[in-house]
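Walk through this model with the chain in view.

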Amino acid sequence: MEEKRKIIMDVDTGSDDAIALVMAMLDEQFDLLGICSVNGNIEVKLTTDNSLRVVECCDKQDAVKVYKGCDYPMVSTLMPWTPQSTGIRSEGSANTPMPNPRREGTRAGDKEVHPEHLPLPEPKIREAKDSAVVWLINTLLEAEDGEITLIPVGPLTNIAVAMRADPRIIPKIKEIVIMGGGHLVNNSSPASEFNVWVDPEAMEVLLHSGCKITMVPLDATHAAYITVEESKRIREIGTKPAILVADLIEQRTIGYAQNDAEMKALKGAPIHDALAVCAVLHPEVLKNVLHCNCHVDISRGYAYGQTIVDRRERVHPEPLNCYFALDADRELFYNWMIDVLEKDKERRK
Ligand code: BDR
Ligand code: CA
């Protein structure tokens, strides 16, 4: 039998994070070592609570622990007058990445896309004793070189802090597959994607860590949208996790319809974070993948948080530090979800 892929999820759960967690827990090709929560879509105490709910929904409470992570980005909220420090996204949204007393109004659709509490019972289990950063460092230090794959699908704070605290963890990492960034598609500002926008400096630390990095940006995740019509087949599987996934796809579709004309017309929504999970086992789900140099703009101007992809074909002055996907195979992604959820149902019989 093929060896399972050892992974760590880093999440800001979040509706699409929840679907990503379901898939990471139920795909038998994974050995999920733990879940780290981080501040992002909502405060870290809520992303932790939501992650615990998803663990129980999948009946994995005896197998998987949740470690509570950082509650603030590394730098962005310390700078006066950045949108991050005032809690306002430049497009006027207040789906704030940090508990911020100056939180203002709410953009239509935000609450549907990432409600404070997932539609699941309050968890009976609690987070683990260690903080996410401490656990990450200890777990990676004990591993063989190149043994563990990280799948961060929220702001990159936990991993960047761990790398800065103990760089000896870096060679232990096989690969980092990140949901984050955008080339032609962005969502938090005209130039930046949410996970990078919340903590741009953290993303820059990862990009220059020397690890193998695959970026699953908005360009790819928007190409891999799932429709409400398609979610019906998922619902029919009838297990708790499958019903959760279908509910969340419907909820996200309602939220996206309020702000995104393209998704409204398609009657669907991107399930960003789950695509990164799929890409670990099925890299071919990512299409038009550039091997390139990428920096994050950390200069705090209009492009703060932009992932700047160098597409020049002549000799690059800087090293190629990531794989950056511009497209995705929607059908492969959908079939993988169905397959994993159906196999889980079989196991439950
Ligand atoms: C990313 O931001 C979050 O809102 C989602 O969970 C996803 O990880 C998309 O920009
Ligand atoms: Ca997320």
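Does Asp260 count as buried or exposed? Asp260 has 17% relative accessibility, so it counts as buried. Buried means under 20% relative accessible area, exposed means over 50%, and partly exposed lies in between (1.4 Å probe, protein chains only). Asp260 sits in the loop between helix H11 (240–257) and helix H12 (261–266). Helices (H or I, at least four residues) and strands (E, at least two) are DSSP runs, numbered from the N terminus. A polar atom of the Asp260 side chain is 3.1 Å from the backbone nitrogen of Glu262. A polar contact is a pair of N or O atoms within 3.5 Å; within protein, one must be able to donate a hydrogen and the other to accept it, and residues adjacent in sequence count only if both atoms are side-chain atoms.

Some ground rules come next. This is a predicted model, in which local features need pLDDT of at least 70 and side-chain atom pairs count only at pLDDT 80 or more, while totals for chains, interfaces and linings use all residues. Residues are numbered from 1 along each chain as its sequence is written, chains are lettered from A and ligands numbered from 1 in the order in which they are written, and side-chain values use heavy atoms, with hydrogens and water left out.

Now the sheet. It is open and has 9 strands, in the order E3-E2-E1-E4-E5-E6-E11-E9-E10, with mixed pairing. Strand E3 (66–67) and strand E10 (307–310) are at the edges with a single partner strand each, so one side of each has no neighbour in the sheet. Two strands pair if DSSP finds at least two bridges between them. Strands of a sheet pair through backbone hydrogen bonds, either parallel or antiparallel. Strand E1 (residues 5–11) runs parallel to E4, over 4 bridges. Ile7 has Thr149 in E4 as its bridge partner. E4 also pairs with E5 in the parallel sense, over 3 bridges. There, Leu150 has Ile176 in E5 as its bridge partner. Strand E5 (residues 173–179) has 6 of its 7 residues buried, so it is largely enclosed by the rest of the structure.

Asp17 is buried at 0% relative accessibility. Val153 is also buried, at 0%.

Ligand 1 has 13 residues around it, and the closest are Asp16, Asn41, Asn187, Glu193 and Asp273. A residue is near a molecule or strand if one of its heavy atoms lies within 4 Å of it. By class, the shell has 4 nonpolar, 5 polar and 4 charged residues. Ala, Val, Leu, Ile, Met, Phe, Trp, Tyr, Cys and Pro count as nonpolar, Asp, Glu, Lys and Arg as charged, and the others, Gly among them, as polar. Asp17 returns here: an N or O atom of its side chain is 3.1 Å from an oxygen atom of ligand 1. For Glu193, a polar side-chain atom lies 2.4 Å from an oxygen atom of ligand 1. For Asn195, the distance is 3.0 Å, again from a polar side-chain atom to an oxygen atom of ligand 1. The protein covers 95% of the 280 Å² of accessible area that ligand 1 has on its own. Accessible areas come from the Shrake-Rupley method with a 1.4 Å probe; for residues, only the protein chains shown count as cover. Helix H1 (15–26), helix H7 (194–198) and helix H13 (272–281) are the elements that give two or more residues to the shell. The peptide bond from Thr13 to Gly14 is cis, with omega near 0 degrees. Gly14 lies in the loop between E1 and H1. Asp59 is not a glycine, yet has a positive phi of about 55 degrees.
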